[in-house]
Amino acid sequence: MPANDFREIGHKLIDNIADLLTGLDERKVTPYITSGQGRELFGTEKPIPIEGEDPKKIVADIYDLLSENSLYNGHPRFWGYITAGAAPIGVLGDLLAAALNPNLGAWKLSPLATEMEVQSIRWIAEMLGYPIDCGGLLVSGGNMANFVGFLAARKACADWEIRKTGLRSDSARPFAVYASAETHTWIEKATDLFGLGTNAIRQVKMDSEQRLDTGHLRELIEKDLQDKYLPMTVVGSAGTVSTGVVDPLREIASICREYGIWFHVDGAYGGFAAVADDVPADLKGISEADSVAVDPHKWLYAPLEAGCVLVRDQQTLRDAFMFHPVYYHFKMDEGTNFVDLGPQNSRGFRALKVWLALKQVGRGGYRRMINEDIQLSRYMFELLGKHDNFEVFTRNLSIATFRYVPSDIKDDPRDDYLNKLNEAILVKLENSGEIYLSNAVIDGRFLMRACIVNFRTRAVDVEAMPEIIARYGREIDKSMRPDMKELSD
Ligand SMILES: *Cc1c(COP(=O)(O)O)cnc(C)c1O
């Protein structure tokens, strides 16, 4: 690309992005298109161009098409799943990272970029109250971060040469892993991918607040020891994906110490809330974990993708991942070679976008922003609780669950009807592009769920929300109610 074209396209693009980001609130959260329409609009099935096209035109056209037809998780009224908008400084970071294009597999291929990742790991550890001399690395997201912790645990726990013989060995005992039912689905993927099979998961019961029941955990461990299983790891959640509950991490830590079991914390959602003020004291228990997964692309607002895993003892990552191929001449005393600490070989410069944001706002900035999200969630819960048409259920960290209930059946709420009604409202809301929620299912009840991991959300957005939902609720209830009558006849 001629240098002048690059400059011109780049300047124009930055101007467009700046306008886009400042005008998000004037757009819909998401366009209303079906997958078929999307395929047609984009021309998914067109063949590869025979001859290339003018880059100025391609970039301009694709900007228009994408900016008109994207879901904006950075929109102030996006509260679905646990998906955050990108910090503008991270957007710039990704641009610079791509331009420099260092390979963070080895120190000598990326000297200062590697130092930046090492420092980011230390800063993240500081935020979590985790030992700063820990090991760790950036990965693609929470799943991968949990996988790396899981593999470190698997290696550390096996008393045979598992990396050589695999799970089958004369002295091998079958592994058992412990987690509550609210644990994110990565645990199923991990047990499957890494050869244990999902039967290795012991589902620990939960108490009335949906926290992992440590009494039951003990019973399960005792039983497995009697039956000659090898307890590999206990997974505690620092903010469950569905309702944001923090498990009793300190108690789990002490049980793990007692039995010599690896303690892993999944803090992909709530880990960074450790810097906030009004949060469960158990977040402090993160400091006692052998490994922790967090997700900078959630509450640190890094553009996708950025996950991070920390391990108490750096050597456990080397033990789990290092090999010495003849074609690599990376010396350990040369600095950190991340290829030795995780599953990836070539690695991109994820650290830049994470580091820039940490540097821009500091610990104090994150504390304020996360506090604000939690306060907004409280405010939302309060408004919904006061509103005639809502029944509120849970609120933990920045996740609120609730459902729409027509006022005339509030005293006699029928779950089967309300489940259908709320599901229909949710679909309608999503298509409207006005606000974006997702759902939770608690005790068989289909609930709406709002998760605020969003630095653009303001009180006005929260204040507008109940009436937007209630408007669709009344409309849909009216059209669905005749079916309900039939059901009860
Ligand atoms: C988001 C999340 C994950 C998965 O993280 P990804 O970044 O989507 O891979 C795992 N566990 C919890 C608790 C999460 O919130």
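I began with helix H12 (residues 350-386), which lies across E8, strand E9 (399-404) and E11. I read its direction as about 160 degrees to E8. For contact I used heavy atoms within 4.5 Å. Axes are lines fitted to C-alpha atoms, for helices over the stretch in contact, and angles run from 0 to 180 degrees between N-to-C directions. Helices (H or I, at least four residues) and strands (E, at least two) are DSSP runs, numbered from the N terminus.

I noted that this is a predicted model, where local features need pLDDT of at least 70, side-chain atom pairs count only at pLDDT 80 or more, and totals for chains, interfaces and linings use all residues. Residues are numbered from 1 along each chain as its sequence is written, and side-chain values use heavy atoms, with hydrogens and water left out.

Next, the sheet. I found 4 strands in an open sheet, ordered E8-E9-E11-E10, with antiparallel pairing. Two strands pair if DSSP finds at least two bridges between them. Strand E8 (390-396) and strand E10 (438-442) stand at the edges with a single partner strand each, so one side of each has no neighbour in the sheet. Neighbouring strands are turned by 35 degrees against each other on average, direction ignored. Asn439 has Met448 in E11 as its bridge partner. Helix H13 (residues 415-432) lies across E9, E10 and E11, at about 35 degrees to E11.

Then I turned to charges. I counted 31 salt bridges, each a side-chain nitrogen of Lys or Arg within 4 Å of a carboxyl oxygen of Asp or Glu.

How far apart in the chain are Asp94 and Lys353? They are 259 residues apart, Asp94 in helix H4 and Lys353 in helix H12. Their side chains meet in a salt bridge at 3.7 Å, N to O. Lys353 is buried at 4% relative accessibility, while Asp94 is partly exposed at 28%. Buried means under 20% relative accessible area, exposed over 50%, partly exposed in between (1.4 Å probe, protein chains only).

I logged Arg347 and Glu117 too, which meet at 2.6 Å, N to O. Arg347 sits in the loop between helix H11 (314-321) and H12, and Glu117 in helix H5 (residues 111-128), 230 residues apart. Both are buried.

My last entry is a network of salt bridges that links Asp207, Arg211, Arg250 and Asp282.
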